[in-house]
Amino acid sequence: MPRISPVPNLFMIKDRVMQKSTAQVGAEAIVNKLHAEGYDAYFAGGCVRDMLLGRAPEDFDVATSARPQCVLDLFPRTFAVGAHFGVVLVADEIDGGEIVTEVATFRSDGAYSDGRRPDEVRFSDSAEEDVVRRDFTINGMLLDPQVLNETDDLAGAIVDFVGGRADLAAGFVRAIGDSEKRFEEDKLRMLRAVRFAARFGFVIEPVTEAGIRNHAAGIAQVSCERIRDELTRMLTEGHARRAFELLDQVGLLKQVLPEIDRFHGVEQPPQYHPEGDVWIHTLLLLEKLPKGVSQTLAWGALLHDVGKPATFERAPDRIRFNGHVEVGVRIAAEICRRLRFSNEDTAQILSLVENHMRFGDVERMKESTLKRFFRLPRFPEHLELHRIDCLSSHGDLTLHDYAGQRYQAIPEEAVKPKLLVTGKDLIAAGYKPGPEFKQMLTLAEDAQLEGHIQTKEQGLSLLLRRFHGAKGANSND
Ligand code: ATP
Ligand code: MG
C-alpha cells in the first residue's frame, strides 16, 4: 500500500520521547490516507485517553467521516465485521507483522430497545455527533495524528467536545450527556464505568453513580457472557479489590453476584481470621491478584469461600463453617453455569474451591497422597491461592512453604511415574478382571509412590499377599 506521507516513529508525550508501536504506525497510515482522500479522520476513544495518561494504548481505533463502503474500497485488505454499525477492519503489514485497525464511520445511534444495542445507527459527517454517542467523557476524545506529528503537541492535537481532558485530569468517570438516559440505553456501560474507575483509580462522578444505582437491576438485560467478560477483566487487571468495592458501592454486586454480596457481615473465628468477615477476607485476596493473573485463579480466589455464608454456625467452641467446601463447590458450579464458563475453566475454578482447605493436612500427608495432590492440573494455581488465602488472614506461610518446597523438589516423573503394575500385568498373572482390580492397582501404585516397591515383581508379590482371594477358580496359579 503506498504511503501518503511518511510516518515518523517517535512522538512526544509530556516531554517524553515515545516510540510508536506498530499499531500506532498502522492507524496513522490509515488516517493519513483518509485525509488525503478528503475525509475527516481521527484516533478515537480509549487510545486517546491512554496517550494522555502516558500509557501505551493496546490498540488504536480510527473514526472517520468516510462511509463503510468507501473504507472497504480505499484499502486493499479489509473485513466488514460490524458493517451494520459502520465498523470495518483494515489490515496492513508493518515491520513484518500484521496490524489490524478498527475503522468506524462517524455515527449517531437510534433508539435502544433491548437495553444493550441501538436498533439502528445513522452515519454522520460530524465528529461531534460521533463523540456524544460514546460512553464516558474520558473515552470521548479524538486526536489528529497529523497535527501531533507536525507539532509534537499532544494537547493541541486533541479534539475534545465533551470535557474529557478535564475529567481525565480530575480522575472522574462521567457519562457523556444525561446519565439516566445513557444507562437506560445500554446497561453494559454500568459495568464499564466500574472497570474504568478501578483501572485508573478514578471516582465515578456522583450524578453518573446515581444513574448506575437507578439502573443496576437492569443489568439482567446484558448477556451472561458479557457480564462474565467484564467481571473477568476487572478481576485480572490488577485492581480487583477496588473493582469489587465499587460494584458493591453502586449496587451492581448484588445483581450480578448475589452469592458474593452475602459475604458482608459473615463473621469468622478471630483466631484464624483476625482481618474480619468473609467480605473483608475476600477483598484482601482480590487485592493480591496481580495484573495479568490467570482468570481461573482470579475466579478461584473470589469464590473459594462462597460456601461460608450458608454454613455459618456459632458452635460451642467457636464459629464454624462445617462443609463449606462441598457447599462452596455446588454454589460455584451454579455461578460458572450461569455465567457460561467453558467446561475447562469451570473444572479448574471448582478444583481450586474444592482443594483450598487441603493444605491444612499437607505436612501429615503420606507420600502417595501428597504426590496425588501435586497431580492436580495447574497445581501452582492451588499453591498461589493458598498463599494469598494465608496472607489475607493469619499470615502464617509455614504450610505454603512446605508444600512449595516439596512440589519443587519432587520431579514430575516421581509425581506420576510409569506404573510398575498395570491391568495387563494382573491378567497375565492370572487375576480375573473384576471389581477388585481398581483397588489392586491403587494399592500397587500407592506402594510405588511410597517407594515400597521398585519392580513389577515386588508389586505382584505384594498383591499376592494382600489379594490372593481375587484370583479366579480358573486361574492357573
Ligand atoms: P479498553 O482499554 O478497555 O479497550 P476502550 O476505551 O478502548 O478501553 P473499547 O471497549 O475498546 O474501550 O471501546 C472503544 C471505544 O468505543 C470506547 O473508548 C468508547 O468511546 C466507545 N464505546 C465502547 N463501548 C461503548 C458502549 N457500550 N457505549 C458507548 N460507547 C462505547
Ligand atoms: Mg479498546
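These legends walk you through several close-up views of one predicted model.

**View 1**
Start with the whole chain, which is divided into domain 1 (1-170), domain 2 (172-256), domain 3 (288-415) and domain 4 (423-474). Now pick out domain 1 and domain 4: their C-alpha centres lie 69 Å apart.

**View 1. The second largest cavity.**
How many cavities of 30 Å³ or more does the count give? The count comes to 2, and this view shows the second largest cavity, with about 30 Å³ of space. Look for its lining residues: R195, A198, R199, M234, E237, H239 and A243. Helix α9 (residues 188-200) gives the largest share of this lining, with 3 residues.

**View 2. Cysteines in close-up.**
How many disulfides are counted in this model? The count is 0. Take C336, which is in no disulfide: the nearest cysteine sulfur belongs to C224 and is 12 Å away. Is C336 buried or exposed? Its relative accessibility is 1%, so C336 counts as buried, the cut-off being under 20%.

**View 3. Another cysteine, C390.**
Finally, turn to C390, whose relative accessible area is 3%. Because that value is under 20%, C390 is buried.

Definitions and conventions: Residues are numbered from 1 along each chain as its sequence is written. Chains are lettered from A and ligands numbered from 1 in the order in which they are written. This is a predicted model: local features need pLDDT of at least 70, side-chain atom pairs count only at pLDDT 80 or more; totals for chains, interfaces and linings use all residues. Side-chain values use heavy atoms; hydrogens and water are left out. On a 1 Å grid over the protein atoms alone, a cavity is a set of points where a 1.4 Å probe fits but cannot get out, and a pocket is an open set with protein on both sides within 12 Å along at least five of seven lines; lining residues have an atom within 4 Å of a point. Grid points are joined across faces, edges and corners, and a volume is the space filled by probe spheres set on the points. Helices (H or I, at least four residues) and strands (E, at least two) are DSSP runs, numbered from the N terminus. Domain bounds come from an automatic or database domain assignment. A disulfide is a pair of cysteine sulfur atoms within 2.5 Å. Buried means under 20% relative accessible area, exposed over 50%, partly exposed in between (1.4 Å probe, protein chains only).
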